[in-house]
Amino acid sequence: MNIPLDHYLMLSAFLFAIGLCGALSRKNAIIVLIGIEIMFNAGILNLIAFWHYKYFTSVTAQMFAIFAISIAAAESAIGLALVIAVYRHYKSVDVDEMASLKG
Amino acid sequence: METIFWILSVITVLGAIFAITLRNLIHCVLSLILFFLGIAGHYFLMHADFIGAVQILIYIGAVAVLMLFAIMLTRHVTGDEGPREVLGGKWWAGMGTAVIIAGLLWAIIRKDALAQLLPVGAAETSVVEIGKALVADWVVPFEAMAVLLTAALIGAVVIALEEVIRKR
Amino acid sequence: MDHAALQHLAQQQWLIPLFPLVAAAIQSLLPRGQRKLSAGLCIVAMGASCILAVRAFLATLGTEHHEVERAFFNFTWFQFGNTHLDMGLLLDPLTAGMAVMVAFVGFWIFVNATGYMAEDDNFTRFFCFQSLFAASMLGLVVSNNLLLLYICWELVGLCSYLLIGFWYFKPAAAAAMKKAFITTRIGDVGFFLGILMLYWKTGTLNLYTADHTGALEQAGALAHLAGWWGLSAASTIAFLLFIGALGKSAQFPLHVWLPDAMEGPTPVSALIHAATMVAAGVFMVGRMFPLFTAEPGNWVMDFVMWVGCFTAVFSATIAVAQFDIKRVLAYSTCSQLGFMVMALGAGSLAAGQFHLLTHAFFKALLFLGSGCVIIGTHHEQDMRKMGGLKKYMPITFWCYLIGMLALCGVPPFAGFFSKDEVLLETFRRSKVAWGLATFAAFLTAFYMTRQMFMVFAGKWRGGQPDHGHGHADHDTPDDHGSGHHGGEPHEVSWNMWLPLVVLSAFAIGLGFFSQQYGQYLGVEGGEAPEGKALVMGSSVAVGALGILLGWLIYGRRTMEHATEEDPLSASLGVLFTVLNRKWYIDELYEVTIIRFTAVCGVFLRLFDKLVVDGILHAIAWSFWGVSQLFRWLGDEFFINGGFDSSCESVRLGGKTLAKLQSGRVQNYFRVLSLGAAILLLIYFFT
Amino acid sequence: METIHQQLRIWFANAPDSVLLWVSIAIPILFILSVFPGIFAYTTLVERKALGRIQNRFGPNRVGRWGILQPIADGLKLLIKEDIVPRRADKFVHFLAPVIAVIPSVLLFAVVPIGAGLIPVDLNIGILFAFAISTASVLALFMGGWASRNKFSLLGAMRAVAQVVSYEVPMVLAAVAVVMAVGSLSTVAIAKAQSGGILNVTRWFVFQPWGFVGFVLFTIGAMAESARTPFDIPEAESEIIAGYHTEYSGFKFALFQMGEYLASIAMAGITVTMFLGGYNGPGSGPGIFGGLLSMFWFFLKLGCMIVLNIWIRGTWPRVRVDQLMGFAWKVLLPMAIVNIVAVGFWHYLTFRPLAWVVTTLWLVIWFMVLTKLAATENVKPRTYRYAS
């Protein structure tokens, strides 16, 4: 395989931008979470790419990837639970409507 | 192998784009799954088998399913969005920022010599190594992660159950 | 006892605080009804700790060397990068003696508490806190590490907070708990600074280490490093640490919390004022003593001595004019702590620590005795409403008498020897301080005699059918003396007086070991110092004088009615009121420090409103400006239309962002990514 | 794959390497795609015959002798039936769901060693791969149920997702016990670890206390995961018609069935590999004869597992939803964790008789405790609040 590292980095950058775009512009909280997940994945992809191209003798990158994935899982669980709770309250998952801290 | 890379990349990018642009939320999550699969494929391609399997197990098996459930609990089960919002309203703000960031990253990556690295016949890390590292050098983060996941589990249950508890 | 065995014992020191800790953990889960189990658990755990402490103590006894036999066990708590935080356990004479005292006195206090708290609903909660208190104090004693010591120190503070406010429904108790916590916290700031500075200068928090690089073993080196205020580093650290002790051991400017702490149940008072919390400060100074003495001839030691001396006299004067039985003891504790601190300041570790030990025994005795009196008279604390208790409570009387004589420094009792030693050491350092301290000793004898006569002599002045404050509501079934509607005092049950008897034995006998204790600590005993006869004579003389005066004023003619004026107040006039109001220190703090803090609060709020909010608005506008700049840059350099429009979008986004407080998550997020973009731009162009 | 490649290289030394590579990739794929659907087809026949026998009737007996051509007839019938798609259905997802249902099931066979040295891919994360793939099967059920725009379908889908997610946990933990004992995630290594002993039989994990418990847990989990009776509440016909495939007909329905059966067979294969010694049996080993024998043993055991599944299906009533969930979380999950501890005992107690005693006692005591704790429900006559 003769793909240089920058292909992966650019793919990852591109995915990150897509996720960012989704998180910034969609109103639906679930899609915002999806965007964040995409960004997470782009980051982890970067990590693994660097591991594969440069630091393959070390196990650190994989450890980081595992921890990042676990954290992302926890984050999405909490995020979605929050979305459900917010929905119960506002009857909406539109992030623009969640502008008040008052219960 | 380049072919596989390009195919996977196209799948991944398309999955990501659809995941944030489609109107139907369920479709969004389904294309997100496609995206996750593409990423997992990339991991397998880079001989990070374990991470790939973990990616499928956690993201597709847990996160995506969770999202489907959340959609079911918060929307009409059809998952349709209300008014059309794609490519309208605030859309351009996000798009602009994203394009700027993507462009800058692109430029930076192009500039960096490191990015021209070619793979050096990387040996894959065996699962045994990962396992040993997890319980030896990385045991504190590992334990912290366990605590975090437990806390997240309990927290998610509590947040989601709040209404039920209050009713009692 | 060879060193290996000692080492082995040092490794097991952690067991001593473990038992009460486990007991506390279990009790926190017990239902409220499990009184017997809770108390039993607590006492058994404390007994086990006591046995272990005695075992460790016996092991340290056998050493005949001139070098202090010291064993320690350090282990790494956790590690980050190359830095690692250690924990350690220590076994040396100071620790062993202190641990035995804490565990032993604590044990008997627990036994007494089973009687004192018998009527309380929250019996298990009380014992849970007590156990935790004992555990943290024992942990503090056995630690070979300032971090562990600090953790336990704070735990002790927390437990005292919980225990003083045990009856949190009483407003006075709630206020007292806060006062105790906040006042000691002021001292803790100093303590913490001292710890930080120590770590900064030595790179370790272990007191002793195997390779002789422990904090105390570097004291000599620290004495040659420059610190603050023209002191050497060692003395600076010592000074900061002493501020911590100042709060914990209730020395002069920070003494105000201690008398208020009387709002807690009496066994708590015994535990706080005798064995544990206040002792913690003195013990800590003793523990860190090498730092204090590292640099000879600086003002820190003098400062310590004078603070102690002043507190001793000052509190003794207040104690003269108090009517609450526990308050008299509280100020007496302050005063005695002043003696200990003074001794330490005079440079004698042995005298200070020995007085700490003896004082712990007889003050615990006195407090438990006052607890018995309070129970025996059905929750009466005002001495004016007591009297004649000798007839009703003989056992308590005799034990109390022993405690009182010990405190007054009457020759064969423990207090005589230890106080004598303190005075002697002070005499060698400063004659003025010695004079003042002797005066304080005189006052001590006086106010204790006053108390004795008011409480035990004469005739019973309480017990009027209409007496007291809501006595009716605890006429509910209680196990001691059911038909006591007349308020007749009665002797307490055996589990309350037994501790008194045991502690009395120690209050009598402990003093004879004063020489041995000095040797045991490894401090060279002064060979027949000059002025020994003078000091001893004057000390006995003032003790006798104080008792005599007390008898003259209060003993010849005892009070007849509770409302009768104190004979002293007639002769002292305004001064008596001032003393009764504790020199108006609380009021002084009220008008100075607290008022000042409130003013500061108002000022800070203004600052927040004007400056911080102003900065926030400025940031908002600058963001808008940045987005304007972007537009301009974009127009100038990239005439490309697509880029132009995206810049336009950024500008639009920027405009939205100017309203920073919109509460919209996505807006924040947009600012964030914009910031990231700017950072990337900077990275790209530099 | 590599071994096939090497073998081919020995046999056809002249052929170009790339051709050999593609051929060596194609062989296992073709094998899986031909053999296992066949097994699936005849499993349905066996199932119907066996159920017929259990329910005191004949089962299919018209098409061919003993109904032997029945699966082919069924397949033909389903192929030529009209494919009905509900008008309001999400057409694309509705179409995609049955396809996706089959893919993970087929992929599962990639890590099942069917004989000594006979495995499509010897992944060093074999078991993890299997679990990762099998979670994906839940998506097909969800997509099918959701895309149909039918509330029964949707209910079935939700039930399926909840059930699969719940049973995944004890199943994985049961497998962890094996992984711990072997020290590898590779299915080949797991099978290899069970060879040896008397007649290649005594080292099967099922003959060890923790292995037996693991086997039971895993079998129950696998059964629930593939939604077979008694755990078939996602398609409980008396409650929600046919669950997620209510709106499917024709060949799409067949694909759903196929996915389900293939997953069940593959899970049986993994069970065999992990607990029943895999391909190990008397006479199995390297070489042509040993290899054939090992394949024989593997398929024999697979058949036994399939028959066991059918037998359980025929004899046990369906569980309720709450019982299903309670069983997974209150009994299976703690038992699986206890089992992991048991493996620890087994590993560290090198004196075997002692290990036997300790492990067995540990497991038995916990089993009794857990069943006692879970059996809080008193069976009382039902009371009807509004209809008495």
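This is a predicted model: local features need pLDDT of at least 70, side-chain atom pairs count only at pLDDT 80 or more; totals for chains, interfaces and linings use all residues.
Modeller: The expected span of a helix is 1.5 Å times one less than its number of residues.

Biologist: OK, take α10 of chain D. How do you know that its reach is close to the span expected at 1.5 Å a residue?

Modeller: α10(D) covers residues 250–274, which gives 25 residues. From first C-alpha to last it reaches 36 Å, and the expected value is 36 Å as well.

Biologist: And what makes α10(D) largely enclosed by the rest of the structure?

Modeller: A residue counts as buried once 20 or more other C-beta atoms lie within 10 Å of its own. In α10(D), 20 of the 25 residues are buried, so the helix is largely enclosed.

Biologist: Let's move to chain C. How much of it counts as buried?

Modeller: Of its 686 residues, 53% do. Its secondary structure comes to 28 helices and two strands. Among chain C contacts between residues at least 6 apart in sequence, 78% join residues at least 24 apart.

Biologist: What makes something a nonpolar core here, and which residues have the most contacts inside the largest one?

Modeller: The members must be buried nonpolar residues such as Ala, Met or Phe, joined through C-beta atoms within 7 Å. The largest such set has 216 residues, and those with the most contacts inside it are C:A99, C:A103, C:M342, C:F361, C:A437 and C:A507. Leaving out residues up to four places away in sequence, C:F361 touches C:V105, C:A414, C:L503, C:F506, C:A507 and C:L510. Another core, of 200 residues, lies apart from the largest one; B:I20, B:F35, C:A677 and D:I265 are among its members.

Biologist: Now the chains together. How many residues does each side put into the contact between B and A?

Modeller: Chain B puts in 72 and chain A 60. On the chain B side, α1, α2, α3, α4, α5 and α6 each supply at least two residues, and α3(B) has the largest share, with 13.

Biologist: Which kinds of residue make up that side of chain B?

Modeller: 54 nonpolar, eleven polar and seven charged.

Note on methods: Residues are numbered from 1 along each chain as its sequence is written. Chains are lettered from A and ligands numbered from 1 in the order in which they are written. Two residues are in contact if their C-beta atoms, placed from the backbone, lie within 7 Å. Helices (H or I, at least four residues) and strands (E, at least two) are DSSP runs, numbered from the N terminus. Ala, Val, Leu, Ile, Met, Phe, Trp, Tyr, Cys and Pro count as nonpolar, Asp, Glu, Lys and Arg as charged, and the others, Gly among them, as polar. A residue is buried if 20 or more other C-beta atoms lie within 10 Å of its own, exposed if 12 or fewer, and partly exposed in between; C-beta atoms are placed from the backbone.
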